[in-house]
Amino acid sequence: MQTSLARRQRQRRTGNPRRGGLGGAPTALAVALPLFLFASLAVLALTAFVAVVGAYGFYSRDLPDPKTVFDNLAFNQQTVVYDRTGKVELARFGDEKRELVAFDQIPAVLIDATTSIEDKTFWTNAGFDPVGIVKAGLDTLSGNERGASTITQQLVRARLLPASAFEGSKYERKIKEIIQSIRLTQELPPGEAGKQQIMTYYLNQNFYGNQSYGIKAAARSYFGVTDLSKLTLAQAAILAAIPKSPTTYDLVKNAVSEQVTVNGRTTTRLVVPADSAIVQRRNQVLDRMIESRVLTRDSITDAELEAAKSEPVVLAPQRAANWRAPHFVWQVRQQLGAILCGAEQADACARIDSPGGYRVTTTLDWNMQKSAEKWIKAAVIAPHRSDTAAYLKALKLPDLRWVETLRRNTIFNGAMAALDYRTGQVMAYVGSADYYATSTDKRFQPQFDVLADGWRQVGSAFKPINYVTGIEDRTMTAASLFMDVVTDFGGGYTPTDADGLERGPLRLRQALQFSLNIPAIKAAAINGPDHVFEVAKRFGIQFQKPQNTAGVSIAIGTLELHPIDLLGAYGTLANGGTLVPRTTILSVTDSNGNQIWPTPETKPAARQVVSPQAAYVITDILAGNTNPRQNPYWGRAQIIDGSRRRPAALKTGTTNDTKDLAAFGYVAPPEDPNAPALAVGVWMGNSDNSGTGGIFSLEGPTPVWQSFLTEVTKGTPITDFPRPDGIVQARVDAFSGLLPGPFTTQTVNEVFIDGTVPTRIDDTKVPLDIDAATGLLWQDGCAGPKETQGFLDLSRVESAFPAWRPFTEDWIKRAMKGPGVTGGPEKTKTSYFYNNSYNPYGKTWGAPFPPTETCTPVVPPTPPPCDPLLGPCPPTPPPCDPLLGPCLPTPPAAAVVVGDFRCQSLDVVGESLTANQLAIGNVSPNNPAPDWVVAEQNPAPGTVVPPGTSVDLRLADPKKVACP
């Protein structure tokens with residue numbers, strides 16, 4: 001190493017010797033100007049120096065002597081984690097797997113891998129990297145925040161700062177980190193000897209995931225290597241990659257089981273997929289080593305580093321841990337790390353176990369946890385067992401019909417969480433179906449936490465966030481009218497409802513309760529999809545990508561998110577629109593029994609995301625999904641306690657390819673403020689994103705959600721969702737959502753935010769005069785009697801989006817023929833709401849469509865001919881003879897029927913019109929050719945009109961007119 005460092009020193013070059021100067025005035029100027037500049041800079045430097053000295057004194061006043069602390073570092077105490085009672089031990093953090101190593105036991109390749117990815121100036125910096133800090137600051141200003149901590153700073157943060165340093169802002173703590181790093185570097189032996197001590201402590205104190213503390217424990221745990229010099233280049237690189245985020249990059253959590261045959265024997269091994277994030281980071285480490293390795297520049301070639309990227313990551317056999325609620329424990333460790341080391345260092349916080357000795361009381365309700373684990377196993381593991389009934393019996397469950405249904409599926413994983421939405425406390429947490437299971441099926445990765453680490457689509461379970469956006473903005477109400485008609489939203493995107501039906505006009509409440517896709521996407525278009533994206537983030541939802549890349553399809557849950565974040569969003573709706581930050585910890589005490597968290601300053605700040613009124617409207621809609629009277633399909637998931645139904649809100653989600661199934665919801669809050677108000681989310685699917693065989697959320701996660709809530713709320717008081725001030729009720733047309741009009745046939749009571757009750761009287765049904773005898777449009781002379789009836793007129797619906805209109809018009813043409821008529825972009829069928837078996841307002845779209853034809857006037861009957869044998873006949877007037885005197889004019893007919901004048905030339909049609917007691921109206925074009933004929937006429941042939949009516953004619957080339 002010394003040789004390598006000496007070589008780096010020799011590579012520095014001095015500048016060329018200064019050439020001779022010019023004489024005279026230019027020379028004087030050349031001397032004076034630098035002196036002036038130097039003096040100015042000196043004044044600025046002195047001012048800056050005074051400021052720096054003052055800041056140094058201010059921020060270092062409470063810092064301990066770093067050398068004293070460094071010399072007394074110890075690794076010997078464990079942190080113990082308990083449930084909320086403080087009696088059930090869940091886990092221990094600390095020395096369980098730690099093995100200390102000296103510097104000479106650490107191979108150079110491991111040191112180079114570590115410095116290349118964490119601190120490439122480690123051997124030469126003074127404890128901090130000013131250039132790196134400037135670059136990180138510029139990146140932060142541009143919106144790409146990143147850290148710039150050196151290895152020395154990371155060690156200082158973990159071990160050499162007092163607890164008080166973590167109570168202020170992170171920028172103040174950064175200053176203290178730099179000060180301590182400089183002091184530590186100065187007080188240790190100069191040069192390489194001091195750096196070796198820092199590196200040794202750094203690698204011994206790091207947390208590497210999988211309950212492994214220190215580099216040697218990590219090598220043994222992951223690869224079965226006890227002599228670090230035996231690590232391969234790829235193994236050294238991947239170990240160096242882990243400390244940035246030990247929980248995320250935990251190799252066991254990222255591994256899958258696979259079967260291999262060696263010498264005729266089939267065995268199972270754990271392999272980390274090449275496309276996983278940790279393997280990609282390993283390759284980044286190897287790339288950095290090509291650029292900045294120091295100790296192995298001569299012993300390892302660039303080609304060897306490149307080749308190491310292809311080495312598979314095969315893990316040693318793992319022994320089972322002894323944690324209870326293990327995925328929850330990992331979440332506790334994450335939050336404890338944030339408490340002790342700050343949020344940006346939460347995952348890699350070494351203070352948890354060094355000095356350690358903390359007692360952590362968590363939010364977990366152990367009885368709820370056992371219930372959650374039981375129901376997830378019943379849904380995911382039991383259906384794949386040959387002894388399903390026996391397995392259920394071992395879980396103390398009877399044979400369950402819905403479990404039998406799941407035997408026909410290909411679902412291999414599931415997860416569930418429950419939180420108290422009034423406090424944000426996590427009561428139960430199951431990140432996978434069975435953390436300790438062994439499986440070679442890639443569809444089931446037991447250690448991977450789907451809830452917090454998985455990026456999953458949640459399908460229709462996202463729809464309440466979309467709709468509450470419009471309700472909060474007062475651009476929508478629960479009664480807003482949508483046309484459930486397949487529409488091209490641009491680029492050929494023509495989504496359909498899950499059942500392939502088109503229901504025409506319906507209200508927002510119906511669209512959300514019955515999980516219709518088309519109205520949801522239209523709502524996103526009205527809200528603005530990017531606005532929906534930002535509102536979702538205010539609900540605490542973190543998306544995989546920083547911008548909305550889904551467009552309007554965000555409405556149906558096509559963007560990947562963490563399911564646990566969506567559960568927090570549902571809890572926010574349940575809590576009147578107030579988001580209480582999620583927590584897994586109630587209290588933390590140190591080894592001396594002193595409580596270090598929470599403090600009055602660390603009380604989580606609740607945040608109002610949407611108004612209580614907007615949240616209530618959505619809750620009232622979703623509560624209908626557990627009421628069979630409102631929703632006979634989803635209502636099967638009702639929560640029954642004895643003979644009473646417990647009010648609960650529910651929304652399910654199934655992605656188009658049934659890869660992700662979800663059920664999220666909450667029960668009404670108890671009157672006792674200390675009792676938990678539960679929001680529960682369930683996910684089911686496969687870890688490798690493969691399909692589930694066509695199972696829907698109503699068949700999978702919904703029974704789990706229902707069974708868990710039924711069990712854990714049994715015997716508790718039944719309450720209803722409280723209605724906040726500012727909510728009013730009004731009666732509206734059941735189809736249009738407008739105030740009832742003269743032709744309204746069905747009405748419903750709806751809830752509104754005060755000030756948003758519709759003021760328009762229903763205008764989707766208009767009056768028309770009808771001939772009662774024929775049902776056709778009335779005109780004088782028809783058989784009669786004339787009646788005025790109401791007919792559908794949907795011309796004003798969604799008028800702000802004219803591009804949608806052609807699809808509505810097409811639906812109307814098909815709907816006029818009745819339900820079940822196929823057409824549109826996706827060949828879908830017209831349908832009454834909800835389908836042929838459930839039509840709460842009748843088999844109608846609110847009124848009939850108007851007839852398109854007019855009735856024909858009745859000709860008065862001709863009197864029978866006179867028969868002299870039956871009696872005297874009236875005298876017949878003599879025919880008119882102009883020679884005898886003027887004749888009386890023949891009275892005109894009361895009405896005439898328009899003839900068919902198409903294909904007649906202009907000179908002929910004039911005579912025809914006159915013969916039919918009609919007149920020529922407008923003729924187009926203005927200058928027709930002599931041989932052109934009539935192509936179109938208005939009124940159309942067969943129309944009954946008064947005599948003398950003008951007929952408009954459009955002429956065209958006879959070659960372009962289809963004439964008989």
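Helices here (H or I, at least four residues) and strands (E, at least two) are DSSP runs numbered from the N terminus. This is a predicted model, where local features need pLDDT of at least 70, side-chain atom pairs count only at pLDDT 80 or more, and totals for chains, interfaces and linings use all residues. Residues are numbered from 1 along each chain as its sequence is written, and side-chain values use heavy atoms, with hydrogens and water left out.

In helix 23 (residues 529-538), Val532, Phe533, Val535 and Ala536 are buried (under 20% relative accessible area, 1.4 Å probe, protein chains only). Down the helix axis they fall within an arc of 165°, so they line one face of helix 23; the arc is taken from the directions from the axis to the C-beta atoms. They pack against helix 20 and helix 22, contact meaning heavy atoms within 4.5 Å.

Next, helix 4 and helix 13, whose axes sit 8 Å apart at about 95°. Axes are lines fitted to C-alpha atoms over the stretch in contact, with angles from 0 to 180 degrees between N-to-C directions. That makes the two helices roughly perpendicular (65 to 115 degrees).

| Helix | Residues | Contact residues |
|---|---|---|
| Helix 4 | 108-118 | Val109, Asp112, Ala113, Ser116, Ile117, Glu118 |
| Helix 13 | 277-292 | Arg281, Gln284, Val285, Arg288, Met289, Ser292 |

Finally, there's an open sheet of three strands, in the order 10-26-25, with mixed pairing (at least two DSSP bridges between two strands). Strands 25 and 26 run antiparallel, joined by two bridges, and Thr822 stands opposite Lys829.

Terms used: Buried < 20%, exposed > 50% of the residue type's maximum accessible area, 1.4 Å probe, protein only. Parallel < 35°, antiparallel > 145°, perpendicular 65-115°, else oblique.
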